[in-house]
Amino acid sequence: MSIAIQNPAAHSSFATAIPREYVHKVEESEVLLTGWNPVGPDRHRITARWPIAHPFYGPVAGFHDPLLVAETVRQCVPLLSHVAYDVPFGHRQTWHSFRYELDPAALAVTGADAEVQLRVTCSDVARRGSRLASLNMHVEILLDGRPLGTAETGFANLSPALYTRLRGKYADLDEAVGRTVPLAPPMPPARVARTRYTDVVLSPTSTPTRNQLRIDLTHPALFDHAVDHAPGMLLLEATRQAMHAHTHTQPVIATAMEAVFTHYVELDTPCWIHTEPLANTDEAPAPVRVTALQDDTRAFQAVVTPTAIPPTTVGRH
């Protein structure tokens, strides 16, 4: 199709990257997507590369970071908005929901950058006049040619005027950033399966199941560019780290997650991350429910499923 040839976001080589503006990134090193082609009405093929040396989403214990799935799908949201649904630059895409389910064996690292293929089907495409208002995406994922799992997400597309009305006083980026709460001290990195304090997004409290969200505006991956609220990927990372804090005596990976985004998490008020194991299950280790509360209002909730890492792989990188 001519659109796949003419559009500057259309590539087919794992050695190239889609232009940064199409995935709303500033640093080219944070761009995971490498190509896009439409294959039918509301159906797309997208390729990506997972760099084995990524400083934040790098492999652990011989497995690719499962949150690379979340970031890869997140980048598909603005890409398809712009190239497939004629959304102008400057519009904002806002997550409603996100989920993934993965085969842990397929996450095993081969020692090189991974080639990712995404088979995307869009549904429930709603428009406001001639502009995209919202849609849902179903994604089948292959990693190095092997089925990895599936992901689903729903998001809204907001024009600049609508976004400004919706955000009210928080629409002024400089003011929102200037009111960011002081950065709370981090939890020990090993407790949340991290090696650097700068990558820890939880701060402990006197209650083990209640932590404060750390909003570090200087983090190069989670805050690649300035935003007026806590990004969705920060909340997913908090969910993953809360799971590790709960299961810290047992090495695990987050092989499934189902999240709902209810409200923006603002920068000027502490956000509390509550962890609740779902003990009434037959799974071991059991899934964990993670809730983000701000001003006593639930802004986000997710259920994350840990899978135990075989002892022979623990400690490998």
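In S12, Pro306 is the bridge partner of Ala254. Strands here are DSSP E runs of at least two residues and helices are H or I runs of at least four residues, both numbered from the N terminus; two strands pair if DSSP finds at least two bridges between them. The model is predicted, with local features needing pLDDT of at least 70 and side-chain atom pairs counting only at pLDDT 80 or more, while totals for chains, interfaces and linings use all residues. Residues are numbered from 1 along each chain as its sequence is written, and side-chain values use heavy atoms, with hydrogens and water left out.

S9 also pairs with S3, again in the antiparallel sense, over five bridges. Here Tyr100 stands opposite Met257 in S9. S9 is mostly covered, with eight of its ten residues buried; buried means under 20% relative accessible area, exposed over 50%, and partly exposed in between, for a 1.4 Å probe and protein chains only.

## The whole sheet

Twelve strands form an open sheet with antiparallel pairing, in the order S1-S2-S4-S5-S6-S3-S9-S12-S11-S10-S8-S7. Its edge strands are S1 (33-40) and S7 (202-204), each of which pairs on one side only. From one strand to the next, the twist averages 25°; axes are lines fitted to C-alpha atoms, for helices over the stretch in contact, and angles run from 0 to 180 degrees between N-to-C directions.

Strands of a sheet pair through backbone hydrogen bonds, either parallel or antiparallel.

Strands S4 and S5 (residues 131-143) run antiparallel and are joined by eleven bridges. Within this pair, Leu118 stands opposite Ile141 in S5. Two residues lie between the strands of the S4 and S5 hairpin, where Gly129 takes a positive phi near 70°.

S5 in turn is joined to S6 by ten bridges, with the strands antiparallel. Leu143 has Arg146 in S6 as its bridge partner. The hairpin of S5 and S6 also has two residues between its strands, and Asp144 takes a positive phi near 55° there. On to S3 (residues 92-102): ten bridges join S3 to S6 (residues 146-158), and the two run antiparallel. Phe98 finds its bridge partner in S6 at Thr153.

## Helices against the sheet

Helix H3 (residues 160-167) packs on the sheet, where it touches S3, S4 (114-128) and S6, and its direction makes about 80° with that of S6. Contact means heavy atoms within 4.5 Å. Helix H5 (residues 232-246) lies across a set of strands including S3, S7, S8 (210-213) and S9 (252-261), and runs at about 135° to S9.

Which helix holds Thr72? Thr72 sits in helix H2 (residues 67-83). Thr72 is buried, with a relative accessible area of 1%. Leaving aside neighbours within four places in sequence, Thr72 is in contact with Leu32, Leu33, Ala48, Trp50 and Leu118.

## The largest pocket

The largest pocket has a volume of about 970 Å³. Of the 38 residues that line this pocket, Gln93, Thr94, Val227, His229 and Pro231 are the closest to its centre. On a 1 Å grid over the protein atoms alone, a pocket is an open set of points with protein on both sides within 12 Å along at least five of seven lines, a cavity is a set where a 1.4 Å probe fits but cannot get out, and lining residues have an atom within 4 Å of a point. Grid points are joined across faces, edges and corners, and a volume is the space filled by probe spheres set on the points.

S3 gives the most to the lining of the largest pocket, with five residues, and H2, S3, S6, H3 and H5 each supply at least two. The lining divides into 21 nonpolar, eleven polar and six charged residues. Ala, Val, Leu, Ile, Met, Phe, Trp, Tyr, Cys and Pro count as nonpolar, Asp, Glu, Lys and Arg as charged, and the others, Gly among them, as polar.

## Two cavities

The count comes to two cavities of 30 Å³ or more. About 50 Å³ of space lies in the largest cavity, whose lining includes Asp199, Arg214, His219 and Phe223. That lining divides into five nonpolar, two polar and three charged residues.

The second largest cavity holds about 30 Å³ of space. Ser29, Glu30, Leu32, His54, Tyr57, Glu71 and Gln75 line this cavity, a set of two nonpolar, three polar and two charged residues.
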